Amino acid sequence: MSAKKTAKKKKTTANKKTTKKKKKTTANKKAAKKKTTANKTAKKKKATANKKKTAKKKTTANKKGRAAKKSAPKIPKSKVGPGPLPDDAIERIYDVLAETITPVSDLEYTTAFELLVAVVLSAQATDKSVNEATRKLFPEANTPEQILELGVEGLTEYIKTIGLFNSKAKNVISLCEDLIEKHDGAVPETRAELEALAGVGRKTANVVLNVAFNQPTIAVDTHVHRVANRLQIARTNTPRETEDVLLERTPERHLLEAHHYLILHGRYCCKARKPECWRCGVREDCPYEDKTPAPA
Ligand code: SF4
């Protein structure tokens, strides 16, 4: 074969190889593009599903809130304060609750920091959903430093089953930064210091002071507020007003556990929409007019 022919053959082979390579590259690019599009679609679908889930939770919470408001007419300002239930009836009620209720938080925790984080996560969420998340989170990270190491994204992975998880992840990270900066990572034991932390309001501070540090505070949530008003210990429109009345009217020997007695009674017996009056231990002293009869 002449040199010319050999060169031509080589060129043809080279050209064929280039074309093949090009085809392969194009195919690879197409496959990568397809994969990226599929990933994007999946992510979009996931985000939409999460949004829908959050919106549904919010709507349900709003509905519940509206229902609670509907069943509790606003008290005129001049009548806000202690309710008409006599002191001896209040004593009997607390005594019965103390006999029947174990004053322990439904939230699972082993340190003051774990409790603080669990309470922050429990806003507008059930204790059950918080416990499910913290059971995985706390063995991996249960100090401000360890949670900061996770970062917002890492923390979100653990708490994404809890309502409002995006904003809660950011809040907990800010809270951890505050704890390290202001208190060397320890949970402070005064209301002023607790309330100065990112994302910590009066109710959270009260729970931590009471449950972690044994201080006689009464954290008032929707259950405590409802029970105090149904029992007419208080006649109030806001949790803050209820807290003041409860602190004034709760017998001293029950002050430390009053928060748990009232919250657990409200959560499991004196329920918002249908209180289970027929099996309620304090019905004799309860002046609530629309008591629920026993189911037929
Ligand atoms: S009797 Fe009914 S309304 Fe009164 S405290 Fe008991 S459950 Fe609540």
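Read along the sequence, the chain of this predicted model follows the pattern α-β-α-α-α-α-α-α-α-α-β-α-α. Eleven helices and two strands make up this order. The chain has 296 residues, and 27% of them count as buried.

**The nonpolar core**

The largest nonpolar core contains 56 residues. Those with the most contacts inside this core are L116, L121, I159, V172, V208 and A228. Helix 3, which spans residues 112-121, gives the most to the core, with eight residues. For V172, the partners can be named: leaving out residues up to four places away in sequence, V172 touches V117, V120, I147 and L155.

| Helix pair | Residues | Angle | Distance between axes |
|---|---|---|---|
| Helix 5 and helix 6 | 144-159 and 165-183 | about 180 degrees | 9 Å |
| Helix 9 and helix 11 | 222-230 and 258-268 | about 90 degrees | 8 Å |

Helix 5 and helix 6 pack at an angle of about 180 degrees. An angle over 145 degrees counts as roughly antiparallel, and helix 5 and helix 6 are therefore roughly antiparallel to each other. On the side of helix 5, the contact is made by P144, E145, I147, L148, V152, L155, T156 and I159. On the side of helix 6, the residues are F165, N166, K168, A169, K170, V172, I173, C176, E177, L179 and I180. By class, this contact of helix 5 with helix 6 has 13 nonpolar, two polar and four charged residues.

An α-helix has 3.6 residues a turn, so residues three or four places apart point the same way.

The second pair is arranged as follows. Helix 9 and helix 11 pack at an angle of about 90 degrees, with their axes 8 Å apart. This angle makes helix 9 roughly perpendicular to helix 11. Helix 9 contributes H223, V224, R226, V227 and A228 to the contact, while helix 11 contributes H259, L262, I263, H265, G266 and R267. By class, the contact of helix 9 with helix 11 has five nonpolar, four polar and two charged residues.

Helix 9 is mostly covered, since seven of its nine residues are buried. These buried residues are V224, H225, R226, V227, A228, N229 and R230.

Helix 11 is largely enclosed by the rest of the structure, because nine of its eleven residues are buried. The buried residues of helix 11 are A258, H259, H260, Y261, L262, I263, L264, H265 and G266. They pack against helix 2 (87-100), helix 8 (202-212), helix 9 and helix 10 (239-249).

**Residue E241**

E241 lies in helix 10. A residue counts as buried if 20 or more other C-beta atoms lie within 10 Å of its own; E241 has 19 and is therefore partly exposed. Apart from its neighbours within four places in sequence, E241 is in contact with V80 and T236. E241 and H225 are 16 residues apart in sequence, and their C-alpha atoms are 9.1 Å apart in space.

**Two residues with positive phi**

Most residues other than glycine have a negative phi. Which residues take a positive value here? Two examples are L164, with phi near 55 degrees, and Q232, with phi near 60 degrees.

L164 lies in the loop between helix 5 and helix 6. With 17 C-beta neighbours inside 10 Å, L164 counts as partly exposed.

Q232 is partly exposed, with 18 other C-beta atoms within 10 Å.

**The surroundings of the ligand**

There are 13 residues around the ligand. Those that come nearest are C270, P275, C277, C280 and C286. By class, the shell around the ligand has nine nonpolar, no polar and four charged residues.

Technical notes: Residues are numbered from 1 along each chain as its sequence is written. This is a predicted model: local features need pLDDT of at least 70, side-chain atom pairs count only at pLDDT 80 or more; totals for chains, interfaces and linings use all residues. A residue is near a molecule or strand if its C-beta atom, placed from the backbone, lies within 6 Å of it. Ala, Val, Leu, Ile, Met, Phe, Trp, Tyr, Cys and Pro count as nonpolar, Asp, Glu, Lys and Arg as charged, and the others, Gly among them, as polar. Axes are lines fitted to C-alpha atoms, for helices over the stretch in contact, and angles run from 0 to 180 degrees between N-to-C directions. Helices (H or I, at least four residues) and strands (E, at least two) are DSSP runs, numbered from the N terminus. Angles under 35 degrees count as roughly parallel, over 145 as roughly antiparallel, 65 to 115 as roughly perpendicular and the rest as oblique. Two residues are in contact if their C-beta atoms, placed from the backbone, lie within 7 Å. A residue is buried if 20 or more other C-beta atoms lie within 10 Å of its own, exposed if 12 or fewer, and partly exposed in between; C-beta atoms are placed from the backbone. A nonpolar core is a set of buried Ala, Val, Leu, Ile, Met, Phe, Trp, Tyr and Cys residues joined through C-beta atoms within 7 Å.
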